[in-house]
Amino acid sequence: MCIRDRHLRKKKFDSRVYVIRDSAPHFFIRVNSPDKLITNYSQGAEVIHHPETGIPKEIIAQMKEQAVRASRAMNSQFMGVDIMSDGCMENTVVVEVQTFTDFPDKFKFYLQRYMVSEESGLFV
């Protein structure tokens, strides 16, 4: 299944998936034009938070599963996992894992609050 959202069509993008224990409660994508090498926000990319990404549920589930597997491989309870794709999940790859990652816009997803909640399971 390919991504057909108008924001992503013919653009370069990657995803940052936050993994806490065995779940991936939030992700966002960074989108840039195809002539740009980098998808960093500081280099001009647009950041779109879930659920506004336009990525189909099936692809989101695959992305989150891949991120959780990467986190388990690193034996980490909290991690940011960067995943790149060509727009179809056939060519998706984990490009970076971060044990100390940035915090997303708290008005989109309040990561700090989630981490100390019972739902995260980190401090239970």
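The model is predicted, so local features need pLDDT of at least 70 and side-chain atom pairs count only at pLDDT 80 or more, while totals for chains, interfaces and linings use all residues. Residues are numbered from 1 along each chain as its sequence is written, and side-chain values use heavy atoms, with hydrogens and water left out.

Let's start with the sheet. Helices (H or I, at least four residues) and strands (E, at least two) are DSSP runs numbered from the N terminus, and two strands pair if DSSP finds at least two bridges between them. Here 5 strands make an open, antiparallel sheet in the order 3-2-1-4-5. Strand 3 and strand 5 (93-98) each have a single partner strand, so one side of each has no neighbour in the sheet. On average, neighbouring strands are turned by 25 degrees against each other, direction ignored. Further in, strand 1 (residues 12-20) and strand 4 run antiparallel and are joined by 7 bridges; Arg16, for one, has Asp82 in strand 4 as its bridge partner.

Helix 1 lies across strand 1, strand 2 (23-32), strand 4 and strand 5, at about 130 degrees to strand 4. Such angles run from 0 to 180 degrees between N-to-C directions, with axes fitted as lines to C-alpha atoms, for helices over the stretch in contact; contact means heavy atoms within 4.5 Å.

The largest has 18 residues, of which Val17, Val19, Phe27, Ile29, Ile55 and Val81 touch the most other members. Helix 1 gives the most to this core, with 6 residues. A second, separate core of 8 residues includes Ile20, Leu111, Tyr114 and Met115.

Finally, look at two loop residues. Thr53 sits between strand 3 (46-49) and helix 1. Thr53 counts as buried because its relative accessible area is 1%, buried being under 20%, exposed over 50% and partly exposed in between (1.4 Å probe, protein chains only). A polar atom of the Thr53 side chain lies 3.3 Å from the backbone nitrogen of Ile55. Ser76 belongs to the loop between helix 1 (57-73) and strand 4 (78-84), and at 13% relative accessibility Ser76 is also buried. The Ser76 side chain reaches the backbone oxygen of Phe78 at 2.7 Å.

Conventions: A polar contact is a pair of N or O atoms within 3.5 Å; within protein, one must be able to donate a hydrogen and the other to accept it, and residues adjacent in sequence count only if both atoms are side-chain atoms. A nonpolar core is a set of buried Ala, Val, Leu, Ile, Met, Phe, Trp, Tyr and Cys residues joined through side-chain atoms within 4.5 Å.
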